Amino acid sequence: MTRFKKNTPKIFLSFPKLAFFLLLSLTTINAFSQKTKVDDLTDEQVSAFLQKAKDSGMSEAQIEKAAIMQGYTPADVAKMRERLSTVLTNKGKMTNESDISVARKTTKTNVYSDSTNADSLKVIHKASKVFGMSMFAAGSLSFEPDLRIATPRNYQLGPDDELNIDIFGNALDNYKVKVSPEGTVRILNLSPIYVNGLTIESASERIVGRLRQLYQGINMPGSGVSAQITLGNVRSIKVTITGEVVKPGTYTVSSLATVFNALYAAGGPSENGSFRNIRVIRDNKVVRILDLYDFLLRADQKDNIRLQDQDIIRIADYETRVEIVGEVKRPMIFEVEKTETLKDVLRFAGGFTDKAYTYTIGLRRNTAKELKLLNITQDEVATFIPQRGDKYTIGEILERFENRVQINGAIFRSGEYALESGVTTVKELIKKAEGLKEDAFMNRATINRQKGDSDPLIIAFDLGKLMKGEIDDIPLKREDVIFIKSIKNLREKRLISISGEVNKQGKYDYVDGLTLADVIVLANGFNDGASYAKIELARRVKDDTLGLEPNQDVIIKSFDIDKDLKISPLDAQTIIQPFDKIYVRKAPRYVNQKTVVVEGEVKFPGAFTIKDKKQRITDLIELAGGLKDGAFAKGASFSRDSTKIAIDLSIILKNPEVKENLLLIQGDKLFIPRELETIKLTGELLNPVSVPFRSNLSIRDYVSQAGGFTENAAKRRVFVKYANGFSDRTKTFLFFTTYPKVEQGAEIIVPSVDKSVNEKLSTAEKVAILGGISSISLIVINILNALK
C-alpha cells in the first residue's frame, strides 16, 4: 500500500454544519444597522456571511441565542438555507473548505508527507453531475502501487533505492546496499559504484564488473560463481500537483507511483478542473498529456506513466463542457474537445435508453445576449459540434402507436394488431384474429374511434350482415377498438342451487341437459339426515303456466327418497332448468346427538347425551349418580353458550318443579363445588383478603377483618356476589342501611365512589341536597314522636 499525505488543516466544516453557521451568522454581521430580511440579501452578502461563519469563534448555541434575540425566526433560517444552495450552485466553484469534507482515518498506509500528522485524510467531493468526479469521491477506490511486482525493466535507480546482491555457486554471499545521495553504492572495500539513473540491467552489469575484483570470473561460463542483483526497498519521490485540483501541493510518494496514484491522493480535478488535459511536466518539458476519459470509458491506462522525482502534474481549466439530460444511460455533464461531435457526447453518455425519442434532440444554447433553442436531427448528430454551456435534452417516446387497432370479445385471438396491408377493414381484422366464436352476438358490434379532436366516437354495425356481405365492409383507422359481445355476456348468469341434507351445498353453473341426478352428484350425494325425506324443486314461472293457480308465482315439484337414499329412475332424469332451486329435506325424527357436561362433586362426572327434549337439570344429576358427600349444592354454577346462568341447585333438588330446573340443550355445563369455607373481600378495603366463613358474622364484621373501608369506598353500594352467580346489594332508607346476607363462598365487593358525579355538582347543589336531607330527617323524627 502507499500512503499519500499533505499538510492539511485539522478542522474542516462539513456542509450541513457550515450551512447552520451561515444561517445563524446573520447575528455577527455588523454591516447592517437593523435586522435584514433574507429575501433582500444579494449573492455577495450571502458569500460574506459564509466567510463570517467560518471565521466565527462562537458556539452554535451562542449564535442561535443571538439570532433569536435579534428577532430571526425559523422561517428566516429555512430561507437562508435555500439562498445558500442557490449561490453555491450558481457559483460553480467553492473554496476547499466548503467543497470538501475531511474525515480522519487511523489505518496505516505507505506514503509519507512533509506533515508530522500520521493520520491519513479521506476526501469526499461535493455531489456533482460532472462525469468522472465520483471516481475520486469513492472512499473504497484505490490506485495504490503494487510493491510486490517484479522491478520494471525501465525503472531508473536513484538515491535511497536498496539493492539485494546475491552471490551463489562456489561462493555464497549476500549484500544489501543503498544508493547514496551521490548516486553510488559501496560493497566491502571496493570503490564506490555510480548507478544513479541506470536501469536495473545496466546497474547489474556495472556492479558485476566491479565484483570480479572479489570473485574471479563471476557470471562467466565455467567460473562456478554467479551473482543476481534485484531491487529491494524502493525510494520515495516528491511530486507537485498544481492547477485545478482539489488539494494542490507537494506529495511524497513511492518511486513506483503512477499519475493516477498522485491524482487520487490529491482528490482529483476540482469543479473547474479538466479531466482531459492533465499534463506531466519533467525538467520543464511536457512528457505526457493524460485524458482520464480513456480510462473511464475504455479502462485504457496507456498514459498512466510512472512518476519521477520532482515531476509536476498540472490540471488545466476545462474549456468546453456540455450537459445531456433525459433518456440516456448516463445523464451528466461532459467535457468535450474541439474535434469531438455530438455523436461522441452520446457515446460518453452510454447511448440512448430503450425509451429515448431519437428523431430529434433538443438543444438549449447560450448566446452573447440570451438563450437559443435548436432541434438536431439524427442526420446531423455525427457532424454537429458542441459549444460550451450546451444542454441537450433527450425526450421519451410517446405512449401511442401510429398503426395500432384492437379487437376484443367473442373472437379466438383478441388483442392488438398492426394496421397494415391485409388488415385495413373490420372483416379483414376478424379474419386475422382467426374468426368469431360460436357464441358471438351477431346482431350488434361496436367500434370505438377517436375523432380529430380526440373526442370518442362509437360506430355500431350489424355483425351478422357484415359477415354475410349484406352491408359494406368498414375501413379501419388508427387506434380503432372493436368490441364483439358474447351471448353469455348479454344475459343473466345461469345458476342452479341445492341446499339441505347434501354433503356440498351451494350454487353451480347451469349447463344444457343437466338432470336432477347430476345435481345430486355435484353436491356429493345425500348425507345421513336425508333418510326417508323428500326433495323439493322450486322453479321460476316463465311461459309454461299450465295447471298453475292465478296467483302462483313459482312451480314446486317434490320427489321421494327411499330408505337406501335413492330416487326413482324417472325422477332422476328430471331435466333441470336455469335458476332452479333444490331442497333436500331432513328426516322427521333425525337429529344429531347432543351432549351436556356435569363436573365437580358428583359420583360420575363427565359428558352425557340428551335422550329427549324433556330432560332437565335434575335428570342430569340423576344420570351422574347424584351428589357426593360434602357437595355444596347452593354454590353450583350453570353455564350455557359460555354465559353463566345463576341458579340455586339446592332449591331445584328440593323442588324439581321450580322454573330454575331448566331444560337441557346442547353444550350446557354444570359445576358442583365441594363445601366452601371462605369469604372473599375485594374492592375499596384497606386489606382485601379472604377469611373463613362464620354464620354469625355480618358484613360489617367481615369488613373489619379486612381493615375497614378506604376513603374512596362507596359504603352504601356494597354488594355480595354468591357462589352460584346471584348477587345482592345494600339497601338504604334515610339513615337506615341494610346489608345483604353473607353465605359460604360469597364475595363481598366494595366499589369506589364515583368522583365524576360529585365533581359535576356545584357547592350550592351540595348544600341544597344536605338541607333537603335534614328537613326530611326532622319530619321523620316528628312522626316517630307523634306515634309514641
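Hi everyone, this is a quick walk through some side-chain contacts in the structure above.

It's a predicted model, so local features need pLDDT of at least 70, side-chain atom pairs count only at pLDDT 80 or more, and totals for chains, interfaces and linings use all residues. Residues are numbered from 1 along each chain as its sequence is written, and side-chain values use heavy atoms, with hydrogens and water left out.

Let's start with charges. Side chains of opposite charge can pair when their charged atoms come close. A salt bridge here is a side-chain nitrogen of Lys or Arg within 4 Å of a carboxyl oxygen of Asp or Glu, and the whole structure has 26 of them.

Take Arg365 and Asp390, whose closest N and O atoms are 2.7 Å apart. Strands, by the way, are DSSP runs of E with at least two residues, and helices are runs of H or I with at least four, numbered from the N terminus.

Are Arg365 and Asp390 buried or exposed? Both are buried, where buried means under 20% relative accessible area, exposed over 50%, and partly exposed in between, with a 1.4 Å probe and protein chains only.

Now look at Lys493 and Asp509, which meet in a salt bridge at 3.9 Å, N to O. Lys493 sits in the loop between β22 and β23, and Asp509 in strand β24, 16 residues apart. Here Lys493 is exposed, at 58% relative accessible area, while Asp509 is partly exposed at 48%. There's also a network, where salt bridges with shared partners join Arg288, Asp294, Arg298, Asp300, Lys302 and Asp303.

On to the rings. Rings of Phe, Tyr and Trp (its six-membered ring) pair if their centres lie within 6.5 Å; planes under 30 degrees apart are stacked, over 60 edge-to-face, and the rest tilted. The structure holds nine aromatic pairs. One of them is Phe131 with Tyr293, edge-to-face, at 5.1 Å centre to centre and 80° between the planes. Phe131 is in the loop between β2 and α6 and Tyr293 is in helix α9, so the pair ties together parts 162 residues apart in sequence. Both of these residues, Phe131 and Tyr293, are buried. Together with Phe334 and Phe348, Phe131 and Tyr293 form one aromatic cluster.

That's the tour, happy to take questions.
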